[in-house]
Amino acid sequence: MHAPTAFADTDIRVRTATSADGDTLVELISLVDLQLRAEELPGALDPMRHALTDTDDGPLSHRRNHFLIAENSAGVPVGAIACGPAKWMSNPNRSPKIMRRRIVRRISTVHGLAVVPAYRNRGIARTLLHQAEETFRDAGYTTLTLRHDRSLTTFYGQLGYTSHNRLSLTLPTGELLSLVDRGWKHAFKILSPAASIATVQGMPTITGALSD
């Protein structure tokens, strides 16, 4: 895991989250419009609380999950990023069972990236995302994915992400795995030379991400 990162021109530092940060992380990620009804939000974020109790000495902060928090000079949390396996990776209707273990070891997802309003436009979100990318790259992951509101296409494009209405991935069998979530755009960034982007059926597609 990375040591806390200090910002050269601000009073912000980034650290990995701990099991004591459950309420803080959920509160920050709740700033993101997850397109859920208010009564659905607690249930959607409960897995994050659970994952925070699952720590080890691996490269990610919490086994297959990685959580970072940005704090100001007074130690007040002002931003966070939450990453880990996506739900589709364990969905039998979306992910072939024989490939699931390999998928969760090679591809991860940003579940939420949030900064409190008073601290936005200071590069905090970019730094949180960049540090998460570096950690997953060092851990041997080939691709980082996310879902975003259509209004953020330019923002993620500037950070090297490819956005499309579908998330498309070629499996080692040659099959095409294609996912769509109504109301969202999918985006991905290649983290390893083993993976690349190709156009398949007219869509930007992740290739080589699961190869041995």
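Student: Is Arg-63 buried, partly exposed or exposed?

Tutor: This is a predicted model, in which local features need pLDDT of at least 70, side-chain atom pairs count only at pLDDT 80 or more, and totals for chains, interfaces and linings use all residues. Residues are numbered from 1 along each chain as its sequence is written, and side-chain values use heavy atoms, with hydrogens and water left out. Buried means under 20% relative accessible area, exposed over 50%, and partly exposed in between, with a 1.4 Å probe and protein chains only. Because Arg-63 has a relative accessible area of 44%, the class of Arg-63 is partly exposed.

Student: Where does Arg-63 lie, and what is its phi?

Tutor: Helices (H or I, at least four residues) and strands (E, at least two) are DSSP runs, numbered from the N terminus. Arg-63 lies in the loop between α2 and β3. Most residues other than glycine have a negative phi. Arg-63 is not a glycine, yet its phi is positive, at about 55°.

Student: In which loop is Gln-201 found, and is Gln-201 buried or exposed?

Tutor: Gln-201 also is a residue other than glycine with a positive phi, of about 55°. Its place is the loop between β11 and β12 (203–207). Since its relative accessibility is 67%, Gln-201 counts as exposed.

Student: Is Ser-192 buried or exposed, and which residues is it in contact with?

Tutor: Ser-192 is found in the loop between β10 (185–190) and β11 (196–200). Its relative accessible area is 19%, so Ser-192 is buried. Contact means heavy atoms within 4.5 Å. Leaving aside neighbours within four places in sequence, the contacts of Ser-192 are Tyr-141 and Thr-142.

Student: Which residues does Thr-162 touch?

Tutor: Thr-162 belongs to strand β7 (residues 162–164). With a relative accessible area of 22%, Thr-162 is partly exposed. Not counting residues up to four places away in sequence, Thr-162 touches His-186, Ala-187, Phe-188, Ile-197 and Pro-204.

Student: Which residues have the most contacts inside the largest nonpolar core?

Tutor: A nonpolar core is a set of buried Ala, Val, Leu, Ile, Met, Phe, Trp, Tyr and Cys residues joined through side-chain atoms within 4.5 Å. The largest one has 41 residues, and its largest share, six residues, comes from α4. Those with the most contacts inside this core are Ile-81 and Leu-129.

Student: Which residues is Leu-129 in contact with, leaving aside its neighbours within four places in sequence?

Tutor: In soluble globular proteins, nonpolar side chains tend to be buried together. With those neighbours left aside, the contacts of Leu-129 are Ile-81, Val-110, Leu-113, Leu-144, Tyr-156, Leu-159 and Tyr-161.

Student: Which residues line the largest cavity?

Tutor: On a 1 Å grid over the protein atoms alone, a cavity is a set of points where a 1.4 Å probe fits but cannot get out, and lining residues have an atom within 4 Å of a point. By class, the lining has seven nonpolar, one polar and no charged residues; Ala, Val, Leu, Ile, Met, Phe, Trp, Tyr, Cys and Pro count as nonpolar, Asp, Glu, Lys and Arg as charged, and the others, Gly among them, as polar. β8 (166–170) and β9 (176–180) each supply at least two of the lining residues. The lining consists of Trp-88, Ile-107, Thr-145, Leu-167, Leu-169, Leu-177, Leu-179 and Ile-206.

Notes. 1 Å grid on protein atoms, 1.4 Å probe; cavity = no way out; pocket = protein on both sides within 12 Å on 5 of 7 lines; lining within 4 Å.
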